Amino acid sequence: MVKLTSIHYIYVIIIICIITAIIKKRDVSLICILGTGIIGLVATGNPLKAIVIIYTAIIVSGREFIDIILIISLVNAMSKALSDIGADEIMISPIKKLMFNKAIAFIILGITMMIISWFVWPTAAVVFIGAIMVPAAIKVGLPRIWAAVVLCLFGKGAALSSDFFIQGAPAITAKSAGIKDISGIVKASIPFWVAMCVFSASTAFILMKKDEKLFLKREEAYEAAFTEDKLVKGAKVISILTVIMFMLNIVFMLIFNIKGEEATALIGGTSVLILILSAITKFGFSKALGEFTGYIRDGFMAGMKIFAPIIIIGAFFFLGSEETAQKILGSEATGLLTDISIYVSSKIKLSRISAIAMQGLISTLVGVSGSGFGGIPLVGTLARAFSTSVGVDIKRIAAFGQVITVWIGGGTIIPWSVVPVAAICEVTPIELAKKNLIPVTVGVVATFIVGMLWV
C-alpha cells in the first residue's frame with residue numbers, strides 16, 4: 001500500500017500554488033523551478049544535492065522535449081522560407097474558397113484536424129494542417145489563438161482520446177484492464193467521447209464569438225502583412241511540391257504504418273527538403289549556401305524561445321511520473337502524482353457512484369501530471385479493481401477514464417503538451433492552455449454526468 005510522505009503533501013501544495021498563479025494570469029516558471037528545488041531538498045536533506053536536482057530536472061525535461069523542439073524549429077524555418085517566396089499565399093488560395101468566414105473556418109479546420117489525426121497522429125497532423133490550412137483560417141478572420149484551440153481540441157483531444165483507427169489508446173486501456181476485446185473499449189468510449197467533444201467544442205465556439213472586437217484588430221494586422229507582394233519566380237512550383245510532399249507523407253504513413261516518432265521524423269525531413277528548395281528558388285544555389293544557415297538559425301531561435309519556459313515547467317511536473325521522477329531523484333523515487341492517486345483510491349469507501357467519481361478524479365489527476373498515454377495503464381488497472389469490488393461495467397469505466405485522461409494530459413490544458421500547436425500557430429503555450437481550460441473543463445463535467453448515468 002502506498003503511504004504519503006511530506007514530499008507528496010508539499011508537491012500538492014506547490015501544484016495548488018501553480019494553479020492559483022495560472023488563474024491570476026501569472027507566469028509559473030519561477031514557482032516550478034523553486035518547487036523542484038524544494039522537493040529535491042526534502043527528498044535528499046542536502047542543499048547541494050537539491051541544487052544538483054534542479055539542474056538534473058531541467059536536463060531530463062529538455063531531453064523529453066528535444067524531438068519536439070527539433071521538429072518545431074525545422075517547420076518554423078520552412079514556413080519562413082515559404083513565406084519569403086510567397087508560396088504560402090498560393091497554397092491557401094483554394095482553401096479560402098471553403099473558409100469564407102471564421103465560423104466555417106472553425107468547423108472545417110477542426111474536422112480536418114480530427115480526421116487526419118485519426119490516421120497519422122496529432123503531432124504530425126499539426127504540422128500538415130498548420131502549414132496548409134491555418135493561414136487560410138486566419139485570413140478569413142479566425143484569430144491565431146482560436147485556430148490553435150481548434151487544433152488542440154479536435155486533434156489532441158477528440159482524435160487522440162478516441163483513437164478509433166490506430167487504436168493505441170484503447171489497446172493500452174484494454175491490456176491494463178485485462179480485456180482482450182479492444183473493440184469493446186472503443187464502443188464503450190463513444191458516449192463519453194461524444195459528450196466531451198460536443199461540450200468542449202461548443203463552449204470554445206461560443207467563447208470565440210464573444211471575443212470579436214479583439215479579433216478584428218488581429219485580422220487587420222494579419223491582412224496588412226499578408227497582402228504584401230512577395231511572389232518569387234518558381235513559388236507556384238514550390239507551393240505545389242509542398243502540398244504533394246505532405247500528402248505523400250500521409251500516404252506513406254498509412255501504407256507503411258508509420259506513426260509516433262517515426263511519423264514526426266518523416267515530417268521533419270520533408271520540411272528540411274522544402275526549406276532547401278525554397279532557399280534555392282529565392283536566392284539561387286550559390287547564395288542559398290549562406291541563406292539556408294540563416295533560416296535554420298532563425299528557426300531554432302524561435303523554437304528555443306517557445307520552449308525555454310516549457311522546459312522549466314516540465315522539470316517540476318515530470319516528478320509526478322515514476323519513469324522521469326527516477327531520472328531526477330534517483331532509482332528509488334516514485335511518481336508523486338501516481339502515489340497520490342493510488343492512496344486516495346484506497347481510502348475512500350467504494351460504491352458504484354464513488355467508484356465512478358474516483359475513476360474520474362484519478363483520471364484528472366493523472367492527466368494534470370501531463371502523462372497522457374502514460375496515465376492510461378493506471379486508469380485501466382483501477383477500472384479492473386472497481387469492476388471487481390462494486391460490479392461496474394469494466395469496459396465502460398475503463399473507457400470513461402481513458403477519455404478524461406487523454407483529453408487532459410494528451411495536449412489541451414497542460415502548457416508543455418500544447419507546444420507543437422502553439423509553435424505552429426505562433427502563440428504562447430501558456431496563453432493557449434488558458435484558452436483551452438474552460439472548454440475542456442465544461443467537457444469533463446459533461447463526461448462526468450454521462451459517466452454517472454451510463455457506467
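Reader: Glu 426 first: buried or exposed?
Author: Glu 426 is exposed, at a relative accessible area of 57%. Buried means under 20% relative accessible area, exposed over 50%, and partly exposed in between, with a 1.4 Å probe and protein chains only.

Reader: What kind of model am I looking at?
Author: This is a predicted model, where local features need pLDDT of at least 70 and side-chain atom pairs count only at pLDDT 80 or more, while totals for chains, interfaces and linings use all residues. Residues are numbered from 1 along each chain as its sequence is written, and side-chain values use heavy atoms, leaving out hydrogens and water.

Reader: OK, back to Glu 426. Which side chain does it meet in a salt bridge?
Author: Arg 144, at 3.7 Å from N to O. A salt bridge here is a side-chain nitrogen of Lys or Arg within 4 Å of a carboxyl oxygen of Asp or Glu. This pair links distant parts of the chain, 282 residues apart: Arg 144 is in helix H8 (residues 144-162), and Glu 426 is in the loop between helix H19 (419-425) and H20. The helices (H or I, at least four residues) are DSSP runs, numbered from the N terminus, as are strands (E, at least two).

Reader: And how accessible is Arg 144?
Author: Arg 144 is partly exposed, with 25% relative accessible area.

Reader: How many salt bridges does the structure hold?
Author: Three. One of them joins Lys 327 to Glu 64, with the closest N and O atoms 3.6 Å apart. Lys 327 is in helix H14 and Glu 64 in helix H3 (residues 47-85), so that bridge ties together parts 263 residues apart in sequence. Lys 327 is partly exposed at 45%, and Glu 64 is partly exposed at 32%.

Reader: What about Lys 80, which residue does it pair with?
Author: Asp 84, at 3.0 Å from N to O. Lys 80 and Asp 84 both sit in helix H3, four residues apart, which is about one turn of the helix. Lys 80 is partly exposed, with a relative accessible area of 39%.

Reader: You mentioned H14. Is Ala 325 in there buried or exposed?
Author: Ala 325, in helix H14 (residues 322-329), counts as buried at 0% relative accessibility.

Reader: Switching to packing. At what angle do H16 and H20 pack?
Author: Helix H16 (residues 352-368) and helix H20 (residues 429-454) pack at about 150 degrees, with axes 10 Å apart. That makes H16 roughly antiparallel to H20. Axes are lines fitted to C-alpha atoms, for helices over the stretch in contact, and angles run from 0 to 180 degrees between N-to-C directions. Under 35 degrees counts as roughly parallel, over 145 as roughly antiparallel, 65 to 115 as roughly perpendicular and the rest as oblique.

Reader: How do the axes of H6 and H8 cross?
Author: The axes of helix H6 (residues 122-132) and H8 come within 10 Å and cross at roughly 150 degrees. That makes H6 roughly antiparallel to H8.
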